[in-house]
Amino acid sequence: MSTTSAHVQPERGKFITFEGIDGAGKSSHIDGLARFLRQRGLTVRTSREPGGTPLGEKLRELLLHEAMHLETEALLMFAARREHLDKIIEPALARGEWVLCDRFSDATYAYQSGGRGLDRAKFAQLERWVHAHLQPDLTLLFDLPSAVAGGRLAAQARVLDRFEQERADFHERVRLAYLERAAAAPARIRVIDADQPPDDVNEIIEKIISSYCS
Ligand code: TYD
């Protein structure tokens, strides 16, 4: 007589990404949302791009501080992403965990295409190669004028990285590219006005998530 073991697969977790120009303040809201979701009994994993794995963090160090060809930069973003998907994102989602990720492929479209001017068709190809079957379930886009974001960065007492040091017109192009992506995928990408006090932004995030969960 044969016995069958009832191996129940956990329900797949949700993949939520956070995007916006440098200085939009998204990073501080990731921990807040993680706490909010954990209080609801969910298992939450936070991560970031470029980075999230030991190899990815080494690539991040190079990407943020080393001068390189623009296409090298774009390819390294996807190389770090490939590793991140394999080692962290896919396994966590399969275990039923929620993954909150500080940036993902929308950032490559916004920065390397919008900001740097590379052909976005190349990224569509890389995206198909690296994550054909996975898109974020939800993306929170923190939007604000680049002049306001630049003022926030200038007020920080630390050395700015290669992207943060870019001129205002670079950040404005990045912002517009983000908004264009949001207009093309309104069901996935929710635009949040980040030019307001953190508590107000937090309230908006919790509302979006609550309606998303129900
Ligand atoms: P960021 O997410 O702003 O980290 P921190 O909040 O610690 O400064 O830094 C990552 C930088 O990498 C950011 O300036 C945008 C850039 N980036 C790209 O240009 N393309 C990408 O695909 C990703 C993921 C990030």
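Trainee: What should I know before I start, and how are residues numbered?

Mentor: Residues are numbered from 1 along each chain as its sequence is written, and side-chain values use heavy atoms, with hydrogens and water left out. The model is predicted, so local features need pLDDT of at least 70 and side-chain atom pairs count only at pLDDT 80 or more, while totals for chains, interfaces and linings use all residues.

Trainee: Okay, helix H3. What span should H3 have, and how far apart are its end C-alpha atoms?

Mentor: H3 covers residues 70-94, which is 25 residues, and at 1.5 Å a residue it should span 36 Å. The end C-alpha atoms are 34 Å apart, which agrees. The expected span is 1.5 Å times one less than the number of residues. As for the names, helices (H or I, at least four residues) and strands (E, at least two) are DSSP runs, numbered from the N terminus.

Trainee: Where does H3 bend?

Mentor: At leucine 85, by about 50 degrees. That bend is the angle between axes fitted to the seven residues ending there and the seven starting there.

Trainee: Which residues of H3 are buried?

Mentor: Among them are Glu73, Met77, Phe78, Arg81, His84 and Leu85. Buried means under 20% relative accessible area, exposed means over 50%, and partly exposed is in between (1.4 Å probe, protein chains only).

Trainee: What covers the buried residues of H3?

Mentor: The cover includes strands S1 (15-20), S2 (44-48) and S3 (98-102), along with helices H2 (54-65), H4 (105-115) and H5 (120-131).

Trainee: What does arginine 81 lie over?

Mentor: Arginine 81 lies over the face of phenylalanine 78, at 4.7 Å from the ring centre. Arginine 81 also lies over the face of phenylalanine 104, at 5.3 Å from that ring centre. The rule is that NZ of Lys or CZ of Arg is within 6 Å of the ring centre and within 35 degrees of the ring normal.

Trainee: New topic, rings. How many aromatic pairs are there?

Mentor: The structure holds 8 aromatic pairs. Rings of Phe, Tyr and Trp (its six-membered ring) pair if their centres lie within 6.5 Å; planes under 30 degrees apart count as stacked, over 60 as edge-to-face and the rest as tilted.

Trainee: Why is the pair of phenylalanine 18 and phenylalanine 142 called stacked?

Mentor: Their ring centres are 6.1 Å apart and their planes are at 15 degrees, so the pair is stacked. Phenylalanine 18 sits in strand S1 and phenylalanine 142 in strand S4 (residues 138-143), so to speak a link between distant parts of the chain, 124 residues apart. Both of these phenylalanines are buried.

Trainee: And how do tyrosine 109 and phenylalanine 123 pair up?

Mentor: That pair is edge-to-face, with 6.0 Å centre to centre and 75 degrees between the planes. Tyrosine 109 is in helix H4 and phenylalanine 123 is in helix H5, 14 residues apart. Both tyrosine 109 and phenylalanine 123 are buried.

Trainee: Let's do the core. Which residues touch the most other members of the largest nonpolar core?

Mentor: Leu33, Leu100, Tyr111, Leu140 and Phe142, out of 37 residues. A second, separate core of 16 residues includes Leu93, Phe104, Leu126 and Val130. A nonpolar core is a set of buried Ala, Val, Leu, Ile, Met, Phe, Trp, Tyr and Cys residues joined through side-chain atoms within 4.5 Å. In soluble globular proteins, nonpolar side chains tend to be buried together.

Trainee: Is leucine 33 buried or exposed?

Mentor: Leucine 33 counts as buried, at 1% relative accessibility, and it is found in helix H1. Leaving aside neighbours within four places in sequence, leucine 33 is in contact (heavy atoms within 4.5 Å) with Phe18, Leu100, Leu140, Ile205 and Ile209.

Trainee: Last one. What about the peptide bond from glutamate 49 to proline 50?

Mentor: That bond is cis, with omega near -10 degrees, and proline 50 is in the loop between S2 and H2. Arginine 103, in the loop between S3 and H4, has phi near 80 degrees, a positive value in a residue other than glycine. Most residues other than glycine have a negative phi, and most peptide bonds are trans.
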